Amino acid sequence: MKIESLRTHLLFWLLAPLAGVVLVNVFSSYLAASNTADMVTDRTLLASATTIAEEISVIDGVIDVQIPPAAIEMFNTGHGDLVFYSVRTRNGQLLAGYPDVPAPNPHEPGAHPVFYEGAYRQRPLHLVALTHPIIGAPEESPVTVLIGQTLNSHDELIIDLLRGSIEQQVILLAVAAALVLIGFSRGLAPLMRLRDAVLDDKRDALAPLPTTSVQTELRPLVEALNEYKRRVRAQMDAQRRFIANAAHQIKTPLTLLMTQAAFAERAKAAGERKEALSALQNSARQFAHMVNQLLTLSRAEPGARRPRHERVDLAETARLVLEEFSGVALSREIDLGFEQAEEKTIIVGDETMLREMIVNLVDNALRYTPVGGSVLVSIGRQAEMCVLTVADNGPGIPPDETPRVFERFYRVLANGGEGSGLGLAIVREVVAAAEGQVTLRPPPTGHGLIVEVRIPGPVEENSGG
Ligand SMILES: Nc1ncnc2c1ncn2[C@@H]1O[C@H](COP(=O)(O)OP(=O)(O)O)[C@@H](O)[C@H]1O
Ligand SMILES: [Mg+2]
């Protein structure tokens, strides 16, 4: 069963078991009432039978049975019960009463009265059989008195007893429900206050909620909510900074483009104009590259794309990227090498983004390494990690700038080259999305840079992923 309201839910789980308990209680009350009614009936029956038996006498050798009126009147409780009796000698001769009052089955006359149930003229009865010796009539003695009563007063007694008990239980249940409801309203009040605080549109939506007046059970929830707000705020701040930064970064090349265009327009000589236009083209290309990097970065951000879990062969991807860059390497006379120390290089991730990551690392290595240098891309494995390293013997990055180069738009100016400062920011996002780590360090020779990316893997060639 699905219950929407917490209040109803609590109420249900408190009152349903309570109602169960009440039911059990009513049933046991019924059993007790029934026992009591049986006992009262049996006592009256026995008293009546004893009264009849004690009045039996022997007159002139003949048994004389007089039914005393009191013996019958004691059954008169106003419920219209019928009473049937019989008095018989030992050998079955009917001395008084109705001939076919049922006898207990089996009936061995004894010293103790026998209480039993039976039916007479289609009416259910409670009966007693009492065996009584008669002094002076040894042959016929003892005589047996059977007396039975219909169940009206017996049943009325049960109902009376039960009614009181049921009334009590129902009142108890109603009082419990009322108390529980009052208790809930009071107990849930802090929760309602919290809800109001969350919904209050006069508050700053990202301001933390107060935790002091909150019950201990709710505090973790409020703290989690506050932590969540803090993260959202941090992310929004970062986003705002990024947009401001990006707008600023876009303005600079645009201004440059406009200046160059004006310059080309004013140029008189054909040679001068050609030079100006090719500068313009170059700036436009860089600008386009930067916009592309911005797009890539926004796609690499958490939540920007649906998380992809493709099977990506890291070595194969790296090889393809290197092929693309072979022309650049050739033109800069850089020895671009590839080394694969591990056969299994399949990881799970977003193929497009992992490729962008390698592109940016190789691009950096080729861009900042001077002519005639060397760049080595290698793939290996350490424990449960696939390791991709891009090593070069260029200028490297000064240790105090290492943490900053992953920031957006941050560039190490001393290293020259053209760029947007977004490449390593993209790398960081992609690696984070793949749950890996990226580190920068100088090679043992001290000259150059090693970028090491570690990503969980490899996975089995044919396992699902
Ligand atoms: N392999 C490298 N060798 C030396 N410096 C590097 C290398 N890779 C990156 N850098 C430095 O880190 C800075 C940030 O790199 P990146 O985020 O890719 O931006 P961009 O390359 O567009 O400038 C670069 O400006 C560069 O100075
Ligand atoms: Mg770069």
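**Ligand 1 and its surroundings**

In this predicted model, an N or O atom in the side chain of Y368 sits 2.7 Å from an oxygen atom of ligand 1. The backbone also takes part. An N or O atom in the backbone of G421 is found 2.8 Å from an oxygen atom of the ligand, and for S420 a backbone N or O atom is 2.9 Å from an oxygen atom of ligand 1. Taken on its own, ligand 1 has 530 Å² of accessible area, and the protein covers 97% of it. The space that ligand 1 takes up is the largest cavity.

In total, 18 residues surround the ligand, and N364, Y368, R411, G421 and L424 are the closest. Sorted by class, the shell holds 9 nonpolar residues, 7 polar ones and 2 charged ones.

A wider view places these residues within the chain. The domain assignment divides the protein chain into domain 1 (6–159), domain 2 (219–300) and domain 3 (310–456). Between the centres of domain 1 and domain 3, taken over C-alpha atoms, the separation is 103 Å.

How values were computed: Residues numbered from 1 in each chain as written. Chains lettered and ligands numbered in written order. Predicted model: local features only at pLDDT ≥ 70, side-chain atom pairs only at ≥ 80, totals over all residues. Heavy atoms only, no water. Near = heavy atom within 4 Å. Polar contact = N/O pair within 3.5 Å; in protein donor to acceptor, adjacent residues only side chain to side chain. Areas by Shrake-Rupley, 256 points an atom, 1.4 Å probe, with all protein chains shown as cover. 1 Å grid on protein atoms, 1.4 Å probe; cavity = no way out; pocket = protein on both sides within 12 Å on 5 of 7 lines; lining within 4 Å. Sits in = over half its atoms within 2 Å of the grid points. Nonpolar A, V, L, I, M, F, W, Y, C, P; charged D, E, K, R; others polar. Domains from an automatic or database assignment.
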